[in-house]
Amino acid sequence: MSSNTPIPCFICLIELTNVEGSTNQPHDGVEFTSYGHYGSTFFDPIDGSALAINVCDACLADREGLIGLYQRRVTRITEDLDLLTNQERHELLRRNG
Ligand SMILES: [Zn+2]
């Protein structure tokens with residue numbers, strides 16, 4: 001994979017182009033990465049290596065009904081915990097996990 005030729009679409013094999021200056025960030029497509037998955041007999045290296053797959057937007061749109069969407073849980077604590085009462089701290093941690 002060079003900086004000018006990202007991985008082709010995993011579904012239709014169309015060649016994709018990169019966003020300028022990136023290694024694998026296709027225009028009109030999405031990169032999917034995985035560090036492995038317990039249960040996979042194909043890829044579960046447990047060494048920090050990852051695999052990457054690109055899927056073009058047209059293929060995603062064609063299979064939209066098969067896509068599972070979820071929202072990443074983002075924890076953001078901006079308050080200084082030392083300045084909070086125990087109850088405020090507990091409430092803040094409960095809200096943010
Ligand atoms: Zn495609």
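Helices here are DSSP runs of H or I with at least four residues, and strands are E runs of at least two, both numbered from the N terminus. With that in hand, welcome to the tour. You are looking at a predicted model, where local features need pLDDT of at least 70, side-chain atom pairs count only at pLDDT 80 or more, and totals for chains, interfaces and linings use all residues. Residues are numbered from 1 along each chain as its sequence is written.

Colour by burial next, calling a residue buried with 20 or more other C-beta atoms within 10 Å of its own, exposed with 12 or fewer, and partly exposed in between, with C-beta atoms placed from the backbone. Of the 97 residues, 8% count as buried.

Now select threonine 17, in the segment before strand S1 (29-34). Threonine 17 is partly exposed because 13 other C-beta atoms lie within 10 Å. Leaving aside residues up to four places away in sequence, threonine 17 touches Pro26 and His27; such a contact means C-beta atoms, placed from the backbone, within 7 Å.

Two backbone stops remain. Most residues other than glycine have a negative phi. Pick leucine 13, also in the segment before S1, and you will find a positive phi near 70°; leucine 13 is exposed, with 9 other C-beta atoms within 10 Å. Finish at aspartate 28, whose phi is positive too, at about 55°. Aspartate 28 counts as exposed because 12 other C-beta atoms lie within 10 Å.

Notes:
Two residues are in contact if their C-beta atoms, placed from the backbone, lie within 7 Å.
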